[in-house]
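Look at the charged side chains in the structure below. The text that follows goes through some of the contacts between them.

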Amino acid sequence: MSKAGKALSTRLDHRNPLVFDTHELGRRPGAMQRLTRTIDAPGAPAPFGVEGVVGVPEGAPMELEIRLESVMEGVLVTGTARASAKGECVRCLEPLELELDADFQEMFSYPDADDRGRAAEPADDAEEDEDRLFLEDGMFDLEPVLRDAVVLALPMQPVCQEDCEGLCSECGARLTDDPDHHHDAVDIRWAALQGLAESIKGGEKDEMSGGAPRSAHADEKQEK
């Protein structure tokens, strides 16, 4: 169960498509309600996904299937969100799109009841109380729960296809498009020898253009 936020501190707006009303349950343990709703993915305060990697674009349709179940301490919310996420492949950087199913479950507690449904007493563990989500006037905001569920359901390293070969480290070509792509490897040791050979060959050409060199025997005879 996600701990997606703290107790609600501002009045909820029933016109918000991610705010749900539980009054029909009537605080009757065992009462249940099923809802379906299509919303536009919010873009603030944070994206629905991993920014710069993959996520549900702002305004994209999200289909919600939700079950509200009344229990002693509050309302248990269980559901699934379906949407199309967009991003880029971490291997070849090509745009990609994937279908997302994000499951979630969260308890929204009555403000005046503890875990056993009795009138709440001052909490000894304030930190634990802060992690709980509460109903406000019988309503709850699903957005923080939904946002956490979407992020957890998305791949942290999305790929356009499982066998994507990525990009050539030398020229940046997409290897999946050209399986035979390669560059001739040059051993730096052979490259040095080749350079030396070319230098010697160049020296020989210079000597030939300037006339034939005198022999060592002729030089010795001249000295005598």
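Arg15 and Asp13 form a salt bridge, with their closest N and O atoms 3.1 Å apart. A salt bridge here is a side-chain nitrogen of Lys or Arg within 4 Å of a carboxyl oxygen of Asp or Glu. Arg15 is exposed, at a relative accessible area of 67%, whereas Asp13 is partly exposed, at 32%. Buried means under 20% relative accessible area, exposed over 50%, and partly exposed in between (1.4 Å probe, protein chains only).

This is a predicted model, in which local features need pLDDT of at least 70 and side-chain atom pairs count only at pLDDT 80 or more, while totals for chains, interfaces and linings use all residues. Residues are numbered from 1 along each chain as its sequence is written, and side-chain values use heavy atoms, with hydrogens and water left out.

Across the whole structure, the search finds seven salt bridges. One of them pairs Asp101 with Arg82, the closest N and O atoms being 3.7 Å apart. This pair links distant parts of the chain, since Asp101 lies in strand 7 (residues 95–109) and Arg82 in strand 6 (residues 74–88), 19 residues apart. Helices (H or I, at least four residues) and strands (E, at least two) are DSSP runs, numbered from the N terminus. Asp101 is partly exposed, at 49%, and Arg82 is partly exposed too, at 31%.

Glu143 forms a salt bridge with Arg147, and here the closest N and O atoms are 2.4 Å apart. Because the two residues are four apart in helix 2 (residues 143–153), about one helical turn separates them. Both Glu143 and Arg147 are buried. Elsewhere, salt bridges that share partners join Glu65, Arg82 and Asp101 into one network.
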